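Trainee: I'd like a close look at one part of this predicted model. Can you walk me through the pockets?

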Amino acid sequence: MRWRSLEDLAVHLEEPWRSRLLQKRIVHPHNGYPNPIATARRDASPPEGGSPGSSPSFLAEDLLNRYDMAHAILIGESSQLNISNMVNADAATALASAYNDWLVATWLSYDSRLLGSAFVATQDPIAAAREIDRIGSHPRIIQIALGSGARMPYGQRFFYPIFEAAERNDLAIAIHPFTEGSLIANPPTAAGYPSHYIEYHTCITGSIQAHLASLVFEGVFERFPQLRVVIVEAGVAWIPPFVWRMDREWKSLRIEVPWVKRRPS
């Protein structure tokens, strides 16, 4: 699901952010790897016009009613998750809040079957935690959506305020790929910037794996035992061998050596 135009968000912004957004002085980045055959289904275009996935009424009729769906979780398109890669943390925080208000006003208020994913600006975890506390009380906001493109792995303590707020509000953390390589984010692959979309898309699970390893090995789930993390649209076939590798590394690196004093398990 997506907004039809920037004006949709502008009404939820205070000055000076409203004018800056409309004057396109706030840069909303893309990672530079557009899908050559596009990703939006043509049959998702609403009959009244607009981009695919931009009409709550058409979504309700064409998907929820047609397939008798009990609920649908809205996460927004991947480029919208790039809020966390903007260079101006204050602008990103304002835009994330406006997005969340637009989500509630435009989509969640339309149909009770729709559930929402709130956005936060991870550049400022303290402000992100405040936004989680603000929007997290809405009964149909069920998770916080983070893009996998970031400056550091999500298990690092820099992000603890976000996880603490998510746990406090009983919200899951959903990590979605396709924001790598945008503005302040790290390159899309461990080797750097590939030339073609097919290279980028083939290697997209690399950043997800790095975040997962970081969350596990840096003890996030021990520190926040009620926290739930969801990996979205990153495939599943890589998970068994990756978990096997984590187990193997953990066991091999716990071998006792005489000069290392380990704490009891």
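Trainee: How many residues line the largest pocket, and which of them lie nearest its centre?

Mentor: Keep in mind that we're looking at a predicted model. The largest pocket has a lining of 43 residues, and the ones nearest its centre are Met1, Arg2, Thr39, Ala40 and Glu77. The space in there comes to about 1300 Å³. As for the secondary structure behind the lining, at least two residues each come from helix H3 (56-65), strand S1 (72-74) and helix H7 (197-202). H3 gives the most, with four residues. Sort the lining of the largest pocket by class and you get 23 nonpolar, 13 polar and seven charged residues.

Now for the second largest pocket. Its volume is about 240 Å³, and 17 residues line it. Nearest the centre of this one you'll find Asn186, Pro187, Gly206, Ser207 and Ala210. Its lining splits into eight nonpolar, seven polar and two charged residues.

While you have the model open, have a look at a helix pair too. Helix H5 (residues 125-135) packs with helix H6 (residues 160-168) at an angle of about 10 degrees, and their axes are 8 Å apart. Angles under 35 degrees count as roughly parallel, so H5 is roughly parallel to H6. On the H5 side, the contact uses Pro125, Ile126, Ala128, Ala129, Ile132 and Asp133; from H6 come Pro161, Ile162, Ala165, Ala166 and Arg168. By class, that contact of H5 with H6 has nine nonpolar residues, two charged and no polar ones.

Note on methods. Residues numbered from 1 in each chain as written. Predicted model: local features only at pLDDT ≥ 70, side-chain atom pairs only at ≥ 80, totals over all residues. Heavy atoms only, no water. Axes fitted to C-alpha atoms, helices over the stretch in contact; angles between N-to-C directions. Parallel < 35°, antiparallel > 145°, perpendicular 65-115°, else oblique. Contact = heavy atoms within 4.5 Å. Nonpolar A, V, L, I, M, F, W, Y, C, P; charged D, E, K, R; others polar. 1 Å grid on protein atoms, 1.4 Å probe; cavity = no way out; pocket = protein on both sides within 12 Å on 5 of 7 lines; lining within 4 Å. Points joined across faces, edges and corners; volume = space filled by probe spheres on them.
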